[in-house]
Amino acid sequence: MKTNRRDFINLLSISPFALKSIPSNFSTQEKNDSEAYWEDIRKKFPLTHNRIYMNNGTFGPSPKPVLDSLKTALDQSNTSGEYGHTDEFRQVLAHFVGVKENEISLTHNTTEGINIVCWAIPLQAGDEVIISLHEHVGNALPWLNRAKIDGLTLKTFEPGATQEETFSRIKSLITTKTKVIAIPHISCTLGQVFPVREIAALARKKGIFTAIDGAHGSGTFDLDLKDLGCDFYATSCHKWMLGPNGSGFLYINEALLPDLQALQVGAYSDAGWDLYSNPPEIKGYNPTAHRFDYGSQSMPLYAAAAASAEFHQEIGKQVVEKRVKTLSSYLFEGLAEMKGKLKVLTPEEAESRICMVTFKPLHKKYQEFAQMVSKEGFRIRQVPESHLDAIRISTHIYNSKAEIDLLLKAIEKHV
């Protein structure tokens, strides 16, 4: 469900917050491969210049238009005493990823969305869930927890060096008892892109749910979830979308809503309730995905989340994706030249990479190496997960090739 720019702007125009601080001439600037253009984009971020930030996979700093939107909404709600509503912002986020507004639940982060899905799907003892050995704790623990409580069987696999190999490994694990494939779109460990479209198509034919950890997917890819074909997609706004902390959303294919059980409910979760009836009753559940985001929501947070979606849209989602890939490939190629000093763990296959590169120093402990590089003014991430003991670099549109060159020099110095 592709949304054109006019429709997207019309959606945002109903909000007094989302567009207010975005420069009117932003979309008229030339979008090409020149570093000068991206230097201009960098000026929209309040990031300090005495440190080079390369850990967007953990947290994506917000640009000024997003921060201004958040501040404006906070000021207006607190001066008026009206805490506001989030319907228009939900609509913006839905269109940003190509789905319907009734298929979006507002969450605080990816992990919350994963937990909702994990417990909403009808499962019983003996049912199998396929999961990778490269899961973030936010996808691993919910499924481990339900498996422990309800007697599910988790079947694990090591991702392959290529998308085809990864797909083949998943396919080989499927049995008549397989009910869910719960995998990341992009792994937090290696930055490896999984072949979600192919996996979802296979799962659909076999009546298997596809539950995707999309923490690193929205804001990197020109994402269209209907085209991707998965059943569920949980994501955060505070990573690659460059939105505010504490905001995220969950996509649920509307066709599945009748079969999903909400375990935690509150205001807006129901289709009517009555304590005066005998016996007291809940008459039903909200027929949309809104049943899962019970109670009051923070209007300022989602006004800013909508502004982050518009920030990407103003640049162009395809332009952002291309830039993210360009920087990550530039880093990958630079690291690949240091054979004998480090081992690049992120797959070489281009289709398996987009925004993060992970490598392992061969002659130093990864913690010691990370400390040395950090002291030179770089913010990077250590990766102890999946027994990797490695280093992860994640760059976004506010970074430059010049900054990557500086990082490569620091790595070569200390590796």
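Glutamate 403 lies in helix H13, which spans residues 401–414; helices here are DSSP runs of H or I with at least four residues, strands are runs of E with at least two, and both are numbered from the N terminus. The structure is a predicted model, in which local features need pLDDT of at least 70, side-chain atom pairs count only at pLDDT 80 or more, and totals for chains, interfaces and linings use all residues. Residues are numbered from 1 along each chain as its sequence is written, and side-chain values use heavy atoms, with hydrogens and water left out.

Residues up to four places away in sequence aside, glutamate 403 touches Ile52, Met54, Phe378 and Tyr398, contact meaning heavy atoms within 4.5 Å. Between the C-alpha atoms of glutamate 403 and lysine 71, which are 332 residues apart along the chain, the separation is 30 Å.

Strand E8 comprises residues 248–252, and because 5 of its 5 residues are buried, the strand is largely enclosed by the rest of the structure. Gly248, Leu250 and Ile252 are buried on one side of E8, and Phe249 and Tyr251 are buried on the other, so that both faces are covered. Strand E2 (residues 104–107) runs antiparallel to E8 and is joined to E8 by 4 bridges, pairing requiring at least two DSSP bridges between two strands; within this pair, leucine 106 stands opposite phenylalanine 249. Strand E7 (residues 232–236) also pairs with E8 in the antiparallel sense, over 5 bridges, and serine 236 stands opposite glycine 248.

How values were computed: Buried < 20%, exposed > 50% of the residue type's maximum accessible area, 1.4 Å probe, protein only.
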